[in-house]
Amino acid sequence: MGKRKQYIFRKKRQRWPVAVSALVVAALAVGAVFLGFREGPLQPTTAEILPGAADPAWSIPAFASSVDADGDGIDDQTDVLQSAEAYVAGEPRYKSAYYAETGYPDGFGVCTDVVAFALRGAGYDLQALMDADIREAPEAYGIDEPDAAIDFRRAPNQKVFFDRNAVSLPCDTGDPAQWQGGDIVVYDNHVGIASGRRNAQGLPYLIHHHGPTQLHYEEDALESWGPIIGHYRMSE
């Protein structure tokens with residue numbers, strides 16, 4: 001009888017390798033799905049307005065810049081906002097990569113690309129502007145060897161550039177009127193553009209791109225994303 005019990009125990013123990021193998025296979029499958037999202041094929045993000053998102057009854061006039069950098073008849077502030085909306089309307093897939101030829105990705109992107117494309121549509125080539133600024137003051141950026149293809153697509157670098165070249169505004173969200181569609185918002189290693197629509201508290205939604213499973217490019221995340229460490233406009 002004792003031998004039979006020992007045999008049964010051995011038989012049960014032999015099932016463990018099978019269970020472990022099944023777990024490994026499942027983990028690899030999940031990893032493959034995640035990589036699929038990261039590379040773009042399963043990107044679910046939509047540029048449609050959030051369900052229920054609409055302009056609340058806030059009498060906050062939209063800010064218009066006195067500058068029209070690209071001379072298209074649209075002021076900078078409005079141009080930045082419209083260009084950000086146009087960029088996400090193309091539903092870029094989330095992918096962090098290096099683009100040696102142009103610097104600007106095509107069909108893909110990360111958070112910094114929302115800002116870069118929004119500014120480019122308003123007449124500001126962030127790649128060229130930041131490369132020139134980095135070469136003029138590399139110590140401000142902590143960069144020893146500038147690389148125009150990638151430097152402008154890093155959030156900490158964008159913050160330094162805006163600190164040096166844009167109009168700095170308060171980071172406190174207590175006064176919704178100080179937050180306007182087209183404003184550039186910087187968090188710890190993340191950036192976005194303030195939307196032209198506002199939530200029930202009067203604060204703008206945030207147009208940004210933070211990951212492959214993000215459902216909407218525009219989210220009610222201005223305050224909730226994290227501490228705001230930078231708030232800017234390209235011109236007054």
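Colleague: Helix α5 (residues 126–136) and helix α7 (residues 155–165) pack with their axes 11 Å apart, but at what angle?

Modeller: Bear in mind that this is a predicted model, where local features need pLDDT of at least 70, side-chain atom pairs count only at pLDDT 80 or more, and totals for chains, interfaces and linings use all residues. Residues are numbered from 1 along each chain as its sequence is written, and side-chain values use heavy atoms, leaving out hydrogens and water. The axes are lines fitted to C-alpha atoms, for helices over the stretch in contact, with angles from 0 to 180 degrees between N-to-C directions. On that scale, α5 and α7 pack at about 80°.

Colleague: What does that make α5 and α7 relative to each other?

Modeller: Angles under 35 degrees count as roughly parallel, over 145 as roughly antiparallel, 65 to 115 as roughly perpendicular and the rest as oblique. With an angle of about 80°, α5 and α7 are therefore roughly perpendicular.

Colleague: How many nonpolar, polar and charged residues are in the contact of α5 with α7?

Modeller: Contact means heavy atoms within 4.5 Å. The α5 side brings Leu126, Leu129, Met130, Asp133 and Glu136, which meet Asn157, Gln158, Phe161, Phe162, Arg164 and Asn165 in α7. Ala, Val, Leu, Ile, Met, Phe, Trp, Tyr, Cys and Pro count as nonpolar, Asp, Glu, Lys and Arg as charged, and the others, Gly among them, as polar. Sorted that way, the contact has five nonpolar, three polar and three charged residues.

Colleague: How many helices and strands are there in the protein?

Modeller: They are DSSP runs numbered from the N terminus: helices are H or I with at least four residues, strands are E with at least two. That gives seven helices and eight strands.

Colleague: Which side chain does histidine 190 join in a polar contact?

Modeller: Histidine 190 lies in strand β5 (residues 190–198), and its 4% relative accessibility means it counts as buried. Leaving aside neighbours within four places in sequence, histidine 190 contacts Cys111, Ala155, Val185, His208, His209, His210 and Trp225. A polar contact is a pair of N or O atoms within 3.5 Å; within protein, one must be able to donate a hydrogen and the other to accept it, and residues adjacent in sequence count only if both atoms are side-chain atoms. At 2.9 Å, the partner is histidine 208.

Colleague: And which side chain makes a polar contact with threonine 173?

Modeller: Threonine 173 sits in the loop between β3 (167–168) and β4 (184–187), and 17% relative accessibility makes it buried. Among the residues it touches are Trp179, Leu203 and Ile228. The polar contact, at 2.8 Å, is with glutamate 223.

Colleague: Is asparagine 189 buried or exposed?

Modeller: Asparagine 189 is in the loop between β4 and β5. Its phi is positive, about 60°, although it is not a glycine. Most residues other than glycine have a negative phi. With a relative accessible area of 54%, asparagine 189 is exposed.

Terms used. Buried means under 20% relative accessible area, exposed over 50%, partly exposed in between (1.4 Å probe, protein chains only).
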